[in-house]
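Hi there,

Here is the structure I promised to pass on to you. Have a look at it first, and my notes follow below.

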Amino acid sequence: MWRSPDPKQEYDIVIIGGGGHGLGAAHFLARDHNITKVAVLEKGWLGGGNTGRNTMTVRSNFLREDSVPFHEMSLDLYHELSRELNYNLMVSKRGMITFIQSSAANRVAMQMANTMHIYGAEYRMLSLDQIKRRIPAFDPSPNMRLPIRGGVYQPRASMVRHDAVAWGFARAADARGVDIIQNCEVTGIRKEHGAVTGVETTKGFIRTKKIGMAVAGHGSVVASMVDQRLPIITQPLQAWVSEPIKPILNEIVVIRSYHGTYFMQSDKGEIVVGQGCDPYPSYAQRGTFSIVEDATTSMLEVFPTFGRLKLLRHWAGMLDIPYDGSPIISKTDTKGFYVDVAGSGGFKTIPAAAKTFAHLIATDSPHPLAEKLGLHRFASGRLLQEGGVSSNR
Ligand SMILES: Cc1cc2nc3c(=O)[nH]c(=O)nc-3n(C[C@H](O)[C@H](O)[C@H](O)COP(=O)(O)OP(=O)(O)OC[C@H]3O[C@@H](n4cnc5c(N)ncnc54)[C@H](O)[C@@H]3O)c2cc1C
């Protein structure tokens, strides 16, 4: 799939982090900007961070005018990438139904719909009968804590095979000459006169004038190597799957009023369940049992039949959540040090973030669709507070 080269002494650009964001940025640096003297340094194995741990949902139902076009571009790219990379990302257009359980939720859904319609994205309201016709197993308990009044539906929301995204980008970047170096941890960053000069790694020192950081869950650690503070908090996010069963659920279902509980059926037949982040900072790659209990209880209020399923597997990752929930794609106070902080739902943003991050590193100016995503927003106070992120509890 790709070579395993020893690191060279010098590169034009070093990307730290071999997840979807880092590998995607390397691909777009080579494809869009013809810069191929690039290394991606990964301390473990490709996709072994959050990219291979997520629940594979991609969508663009967001609240803010600055968010929707960015996420729409990501969806567009996801639907083209299998052909472009000549690698099957198993993009499966499922549609996402978010239940509406209060007038406040209804108001937010209508605001989102208005913003999305401005950008040509489809987002429409569903009655209870329409939900039932789409999902025969939908059987909400009459004693629900918050009764379901209806739903809102994004037909283009999809599931995408997560590790295939990392592997597809890696193979394409490698074919264009990018060096992908696994088991190579960045342990320090050297700088002189306010500009980076290279990275210290477990495989030796590598000279470079430009470093792109894409290390979801470790952003504060790596940025501190150049004394850069980031406005983020690192929190665990967990997911779990049932034993596989025959196809019963096509759509991705979200019970936002129950702490963002969501579930869907994977192509292997497992029911995949998740919720918002655990509500405390941690670097442990495991979660709290109360979240599993709460999300499972929430799911069973709507789909009691899933109560007969057995739990098969459970895991967690660590997310760097910016204070306003939106991604950060930015220059920093150190010349030549650029950051891509994926945020809470950073799988869906991989193609758009990778493309705009590559643009920023190559040209030193932000891509038009990512102009508002810089660190400057935390100084000016023009935050992108986003009601559509999944970490909101
Ligand atoms: C349980 C769970 C469910 C999720 N579900 C969804 C979802 O359905 N939809 C969605 O959009 N998002 C989801 N996410 C979020 C999404 O997975 C992440 O935001 C996204 O994968 C981040 O990608 P990345 O490439 O930035 O980071 P990662 O894939 O984490 O890659 C970063 C890499 O950097 C490496 N690294 C760290 N430090 C160093 C160092 N010093 N030197 C070298 N390498 C280093 C790590 O080993 C890692 O491989 C979920 C996350 C979790 C944990």
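Around the ligand there are 40 residues, and Gly19, Gly49, Asn54, Gly317 and Gly346 come nearest; a residue is near a molecule if its C-beta atom, placed from the backbone, lies within 6 Å of it. Please keep in mind that this is a predicted model, in which local features need pLDDT of at least 70, side-chain atom pairs count only at pLDDT 80 or more, and totals for chains, interfaces and linings use all residues. Residues are numbered from 1 along each chain as its sequence is written.

The ligand shell holds 14 nonpolar, 21 polar and five charged residues. In this count Ala, Val, Leu, Ile, Met, Phe, Trp, Tyr, Cys and Pro are nonpolar, Asp, Glu, Lys and Arg are charged, and the others, Gly among them, are polar. At least two shell residues come from each of α1 (20-33), β14 (232-242) and β18 (311-322); helices (H or I, at least four residues) and strands (E, at least two) are DSSP runs, numbered from the N terminus. Where does the ligand sit relative to the domains? Domain 1 (13-53 + 162-230 + 324-380) and domain 2 (93-157 + 233-322) both give residues to the shell, so the ligand lies between them. The domain bounds come from an automatic or database domain assignment.

Now for β14 and its partners. Strands β14 and β18 run antiparallel and are joined by 11 bridges (two strands pair if DSSP finds at least two bridges between them), with threonine 234 partnered by aspartate 320 in β18. Strand β14 is also joined to β17 (residues 271-274), again antiparallel, by three bridges, and there valine 241 stands opposite valine 272. Nine of the 11 residues of β14 are buried, so the strand is largely enclosed by the rest of the structure. Here buried means that 20 or more other C-beta atoms lie within 10 Å of the residue's own, exposed means 12 or fewer, and partly exposed is in between, with C-beta atoms placed from the backbone.

Elsewhere, an open antiparallel sheet of three strands has the order β3-β8-β4. Strands β3 (57-58) and β4 (92-93) stand at the edges with a single partner strand each, so one side of each is left without a neighbour in the sheet. Two bridges link β3 to β8 (residues 158-159), and threonine 57 has methionine 159 as its bridge partner.

Helix α2 (residues 68-85) has 18 residues and reaches 25 Å from its first C-alpha to its last, close to the 26 Å expected, where the expected span is 1.5 Å times one less than the number of residues. A kink of about 40 degrees is centred on histidine 79; the bend is the angle between axes fitted to the seven residues ending there and the seven starting there. Buried residues of α2 include Phe70, Met73, Leu81 and Leu85.

Finally, two loop residues. Asparagine 34, between α1 and β2 (38-41), has a positive phi of about 60 degrees although it is not a glycine. Asparagine 86, in the loop between α2 and β4, has a positive phi near 55 degrees. With 9 C-beta neighbours inside 10 Å, asparagine 34 counts as exposed, and asparagine 86, with 11, counts as exposed as well.

Best wishes
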